[in-house]
Amino acid sequence: MIDQRLFDLPGMKKNAAVIGIMIFIQALAIIIQGRYLSVAIVNLWNIQALSTILVPTVIFGIAFAARHLFTMGENRFLYPSVEKITGDMRKNLMAKIFRLGPAEVEKRGTGNVVTMALEGIDQVQTYLMLVIIKMMDMSITPWLILLYIAYLNIWQVLFLFIIYPVIILFMIILGLAAQAKADRQYEGYTRLSNHFVDTLRGLPTLKQLGLSKQYANNVYEVSESYRKETMSTLVIALTSTFALDFFTTLSIAVVAVLLGFDLMYGKVPLLPALTILVLAPDYFLPIRNFANDYHATLNGKNALTAVLDVLKEPEVKDRKVLKDFTWDQNSDLKFDNLDFTHRGSKKKSLTGVSFDVSGFKKIGIIGESGSGKTTLINLIAGFLSPDDPNKVSINGQVLPHLDQQSWQKNFLYIPQAPYIFHDTLANNISFYVQKATKEEVQTAANRAGLTDFIATLPDGLDTMIGEGAREVSGGQAQRIALARAFLDTSRKVLIFDEPTAHLDIETEVALKKDILPVFNNHLVFFATHRLHWINEMDYVLVMDHGRLVEQGTPEELSKENGVYTALRQKMEEADL
Amino acid sequence: MKELRETFAHDTWVMPYLKKYKKLLVLVLFLGFITFLCGGALMFNSGYLISMAARMPNSFEYIYVPVVLARAFGIGRPVFRYAERLTSHNWVLRIVSDFRKKLYQSVERKATAIQRSHQTGDILSILADDIEHIENLYLTTVFPMVVGWLLYLFIVIGIASLNWLVGLLMLLLLGVIVILLPLVSVATNGVREFQEHQIQHQFYTNLTDQVLGLGDWMISGRYNDFQAIQDKPINEIAALRKKDHYFQWWRNLAVQIMILVSVVVLLIWTGKDFTTTKMKANWIAAFALALFPATDPFLNISQGASEWPIYRRSIQRINQFDNNDSNAKDDSNQAVDKFENLAFKDVTFQYKDGDQNILSKLNFQVKAGEKIALLGPSGTGKSTLLKLMIGDENPTSGSVEVNGISVKDLQANRSKIFGVLDQKPYLFDTTVMNNMRLGNPKASDQQVKDAIKAVGLADLIESLPKKYDTEVQEAGGRFSGGERQRLSLARILLQDAPVIVLDEPTVSLDPITEKDLLNQVFDLLKDKTIIWVTHHLAGINHVNQVYFMEHGNFDMAGTPQHLYHTEPRFKQLYDLDRGK
């Protein structure tokens, strides 16, 4: 019930202590309020004049107001620090994501990461606000009331004292069982709601198959059978609430009846009896509140776990080993018998990869799907780290991996679908070179073949593009990435990962004309399965089943009767 | 109030269902009312019970009735509450079933068989969420509010029947809690909620943008800019939320103070009116104690009300989605016995919201058994042509005919003529067998197995522990892209339509997989008529005719061999595709 992680958060122990003191005072106010309400009632019961209740009523009023002022005080005291904790948590989370990079996002899904940073953190905030106050309330208020009642009449206390652990016991036994069911239920619910979205998304297929109309009944039936199932589990799941409710309400009734008998036989006077009756609901209130907020706290708890999970992810160390440098004619990159295994996998994705490239060359990387092309590219770009350190080196300096800040300053990475930010076209092009002048951006755009596209835009380079604004086709996205490369003259290494795989052949031909000039004076890595690009390469790495099976110039490779030749033959088979 | 009326003026989502399940609804509200009534009555009765007992009556009979009642109310409250919760959940779930079906039907009317965009998926999730919001509207806002009002009326009328002046006072004091404060909450929160939503939406967009472009952010090393983008919306939201919380806390305090004043009023009233005899004075404790539990349901009314703006947005969105249902099609159910030909006759097409012709005066004909390929850069109207062909859209002028009958009149039997294999054929989250049967619900197990064998997946499926009863998982995630295409191909074999539309089925596959799949497709479908939209020339030797589209018309057409020898452009593209 108590979440130990809460107290590891900065300042939480101190906060809990202050809240504890406030709740203690609040509990005293509850007792005073009950006491003086009872005094007022008893005075009237004794047919005393209305004026006799003035003082007790005023005390009751003040205590009552104080009690609720304290509720507000607790919240207001806690809120700023909870706000700060969750605010910092969000910042740390985003900073962590920034350091972990795209691989982490891919693993968790973009939607999940965004949701975690927004709703997830909000839920943590709600959780922290609820859980600390409720927990303190539950562990202080009932016992103080109990002590006071004990002071009034021992015999009644025994009953209340016994019933409390019984309630908790029932909550645990019934609650755990029922709650497990309710949680499963909740999962089932999520599954159903996913199923529904699944059906909606598959609608084009249903249309194609001519089934879409009659499928409406299926949607209804699935939902209805789920309802029946839910109701049968709810009958059990709700019993925990029922049990809690039953015991607390019945206890009050029983206390009233027992007090009634005691009063009738003159064993107790009315005032203490009435006080006990007035205080009885407040005695049970904290535990009821706690149970009511169970689901709200559950969501927050899960969100906290998810956030802490990300924050605990191991980070790549030694990112500053490589000295600052600029790739030039004489620079050299070497892979020496490198292995790579994806996390959680037993099989090596790459085995014994060695190559050595230097200066400004164009390196083609080819192979069938699953041969390890993309993994190799990711290792070169430093998005992944090799199994063992010291297998890569730049300019003779041996490195643990290529996730080096000074290496990152030297390359541009252009994937199959370059991401276009929701921003102006000009800002998209100058993403890597913030200081670029408008003329420089314009020139880069022209060189990347964007001139015609810009002419169609209402505000030219200042037109908003990207998701939610003007959509950009795959070919145009590649050209924008290309313009970035033309603009950023300081980065001399270009890493392409299948840049034309999604494009139609005519767009590809047009694009190729504009890409080729950027290759000059650059070290280029170009992974592709469109073989015509290979004719433009100086050197080719051929991947097959995670191994670098052949390497050499295209001419050398075409003479060998190896994988390269076989691959080409497969492509050329049919002749018109 | 005006907003309320506007929201429900053209509503087809909330009100009709309130009427449909009227009886259950009344039961839910009744049970809710009784629950809290029992809670109040328990304290009322207990107060009276001990006051009476304290007079030390000489016979047990004096307190017999209250003793029995105490137990009855003590048990009654949890029991009724339990019943209320079950009934209300049952009621809401019933409505959800209806909602789902209704939403499905409205989406179905608009859906087209040919589509490329993935964004629609997100809109659908939002709509599915909206349905859940409407569920919550009932459970957390409508039910508690109505129950609270019923109780309010009960208390006020009950007291007014004893003393109309005190009744009036209660009407005012408690009215502040159940009417005034909720209205104030909606008004203040409505504005804030709107602002918060705007900022939140912007923040969400920014953050998604950043996360999607994370690779570029990382390589650029612009860490400070990355953080700075988030600071502004975060601070703005925090400020709004702080105001919101403070408002809530003050409001809750105000509610409690009103309750306090009410209790004091009752004390004074009972102190004046009930102290004439000892017997009467026994009722004082009853009145004073009953008010606390009876006002329990009042506490959450304001909070429920302040969530109204969220619900309103959901109701409006979902109604709007339903209403702009323009192209509801009038299905005609003419049929074609044996497919002979398909013809585009002078087809011109323009989207309703577009300003230029996508297709202009297009003419071509496909005879039974012919295979044609359609090429062209994106945006030249290839998908539009397919939509017109199968009847998802109708030509602005001209006509599309199958055997001389307009496809418009064949819509009800469309799946008997056209089979479609697209870029991302959908596999539903159920078993392989069920997915295959969607092609032909009457297919026998053996027919399904034969189809899977034909596409070369029999070994793979047989090797799985549950074989044909294997779950394909969400969107077919259990299988690779190539395998998913083959499973869909098997489904099309089962469907056995004479004309097969291939809409770039190989775009996300590597060249070798692509080649294998194309060989298989053209081999298995050799007797069918095929219309194939493709983005490059791999496998082009399979077809009889190639059409190149440019600006809504064909600028190059002929057999692949002919084009290769006479059109330099075609030759260049073809050679490039083969790696030359």
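## Close-up views of a predicted two-chain model

**View 1. Aromatic pairs across the model.** Searching the whole structure turns up 46 aromatic pairs over all chains. Here, rings of Phe, Tyr and Trp (its six-membered ring) pair if their centres lie within 6.5 Å; planes under 30 degrees apart are stacked, over 60 edge-to-face, and the rest tilted. One of these pairs joins F496(A) and F526(A), a tilted arrangement with 5.1 Å centre to centre and 40° between the planes. It links distant parts of the chain, with F496(A) in strand 9 (residues 493-497) of chain A and F526(A) in strand 10 (residues 523-527) of chain A, 30 residues apart. Strands (E, at least two residues) and helices (H or I, at least four) are DSSP runs numbered from the N terminus. Both F496(A) and F526(A) are buried; buried means under 20% relative accessible area, exposed over 50%, and partly exposed in between (1.4 Å probe, protein chains only).

A note before moving on: this is a predicted model, where local features need pLDDT of at least 70 and side-chain atom pairs count only at pLDDT 80 or more, while totals for chains, interfaces and linings use all residues. Residues are numbered from 1 along each chain as its sequence is written, chains are lettered from A and ligands numbered from 1 in the order in which they are written, and side-chain values use heavy atoms, leaving out hydrogens and water.

View 2. F33(B) belongs to helix 3 (residues 22-54) of chain B and F154(B) to helix 5 (residues 120-162) of chain B, 121 residues apart. F33(B) counts as buried because its relative accessible area is 15%, whereas F154(B), at 45%, is partly exposed.

**View 3. Where chain A meets chain B.** The contact (heavy atoms within 4.5 Å) takes 138 residues from chain A and 156 residues from chain B. About 13600 Å² is buried between the chains, with carbon and sulfur atoms giving 68% of it; buried area is the accessible area (1.4 Å probe) that two parts lose on being put together, summed over both. Six salt bridges are counted between chain A and chain B, each a side-chain nitrogen of Lys or Arg within 4 Å of a carboxyl oxygen of Asp or Glu. Look for the salt bridge of D245(A) with R77(B), at 3.3 Å from N to O.

**View 4. Rings and charges.** Ring pairs join F98(A), Y419(A), F421(A), F431(A), Y432(A), W217(B), Y223(B) and F226(B) into a cluster. Elsewhere, the charged end of R55(B) sits over the ring of W45(A), 3.8 Å from its centre. K512(A) likewise places its charged end over the ring of W533(A), 5.4 Å from the centre. The rule asks for NZ of Lys or CZ of Arg within 6 Å of the ring centre and within 35 degrees of the ring normal.

**View 5. The two domains of chain A.** Chain A is assigned domain 1 (325-410 + 492-510 + 519-576) and domain 2 (418-490), with bounds from an automatic or database domain assignment. Their C-alpha centres are 27 Å apart. Eight residues of domain 1 of chain A contact seven residues of domain 2 of chain A. In domain 1 of chain A, K492(A), P499(A) and L503(A) lose the most area to domain 2 of chain A, together 49% of what that side buries.
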